[in-house]
Amino acid sequence: MKKTLYTVCMMILVGLTSCSKQDYTNSIPANSTALIAVNAADFVGEQSPFSSLLMPFVDNDKKELKGIDLTKDIYLFAAGDGQLGLCAPISNNNELHDFMKRLYNLGVITNHTEKDNKNFYTFNNQWVIGYNDNTMLIMGPVTGADAEMRLARRLEKLMDKDEAQSIKNTMLWQHLEEKNSHIRMVAQASTLPEQMAATITLGAPKGTDPADVLLEADMEYNDGTLMLTGNTCSYNPNIKQSMKKAQALYRPITIDWQKMMTDTTLIGVFMNVDGKRLIPQLQDNRTLGTMLMGTEAYDQIRNTDGNLAILLSPNKETEENSSVFTAQIHNLPNEKNDKGERLVVAVNMEALNGTIAKTITPLLGKVKRIIYNLNAEQ
């Protein structure tokens, strides 16, 4: 009798375990260097800048993603090796599977393989899609059949991860969970374009690794502009204290800085500072220091006590890799335009060229400008 009771209890336990769904977020690579969480309903909206990858899976009649749970967040991530990805929760595996088969028959997705109740496809010849009963993963870009197969095997392993191996045990996830806006981001500065990373790490001690600096931001999107409002912080208390001290240098900007952004300007940095106090911060910043060295920029900045614009444009002769920039410095008179902005970094995506542009465009297809605004209240 006891043996029978034990057997029944074990069968019930196994049944409960097999029916319980694994948390879809466990599949996000634990070594990710950037995370963006988007409310799923906002993700598929017409105004969403992030819907490029999932638009082929949207039911135009119902305005919903077939089989995707719109009550939970969708996550975009940058893995440690630089590959980009998307993780979404599944509400109805059968509905998603039927829809994917229709897309396959239409030629929208290709190269279908199946293993251990997981399905894999290729999309746009560079993105690999994988899904099981509760998780959809999209990662890329990759080129070639061998690379696609390796990435499919990687997705398979990611979908089998448990919580002990997941990103939930990282500081990046903990910082993201502290934010509650509909679109929120936490990223290591090393994930950003080098020139933007150099700007937001201004004030960090000399020799600071950008991977040790986090950018935390709430995000809003409107008419082609992705607005990031946030702050930088660090796991390292010395770096965090140094950057917080440097942020005290920024006074309210009193110009309409948008007038300074031309079609050829890739990055514009705008602030209101005492240039003499800013010079040491620039000299400790390897990237900005190198770009300004050998020019009259330091003298211009040193003689500034007010609004300052640093405009970076790709050198036309090396436009393909966009690694060499021309820097222009502008000292600007005060205007009656105080919006409380203290540090603004504006990125003109339409002036972005080379490898970075090819990589990021599929995820940010609708974004024409990215604007970072320092949240001085934090």
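Biologist: How many aromatic pairs does the structure hold?

Modeller: The structure holds 4. Rings of Phe, Tyr and Trp (its six-membered ring) pair if their centres lie within 6.5 Å. This is a predicted model, where local features need pLDDT of at least 70, side-chain atom pairs count only at pLDDT 80 or more, and totals for chains, interfaces and linings use all residues. Residues are numbered from 1 along each chain as its sequence is written, and side-chain values use heavy atoms, leaving out hydrogens and water.

Biologist: Why is the pair of W257 and F270 called tilted?

Modeller: Planes under 30 degrees apart count as stacked, over 60 as edge-to-face and the rest as tilted. W257 and F270 have 35° between the planes, so they are tilted. Their centres are 5.3 Å apart.

Biologist: What makes this pair a tie between parts of the chain?

Modeller: W257 lies in the loop between α7 (237-247) and β13 (267-274), and F270 in strand β13, so the pair ties together parts 13 residues apart in sequence. Helices (H or I, at least four residues) and strands (E, at least two) are DSSP runs, numbered from the N terminus.

Biologist: How do you know that the span of α3 agrees with its number of residues?

Modeller: The expected span is 1.5 Å times one less than the number of residues. For the 13 residues of α3 (93-105) that gives 18 Å, and the end C-alpha atoms are 18 Å apart, so the two agree.
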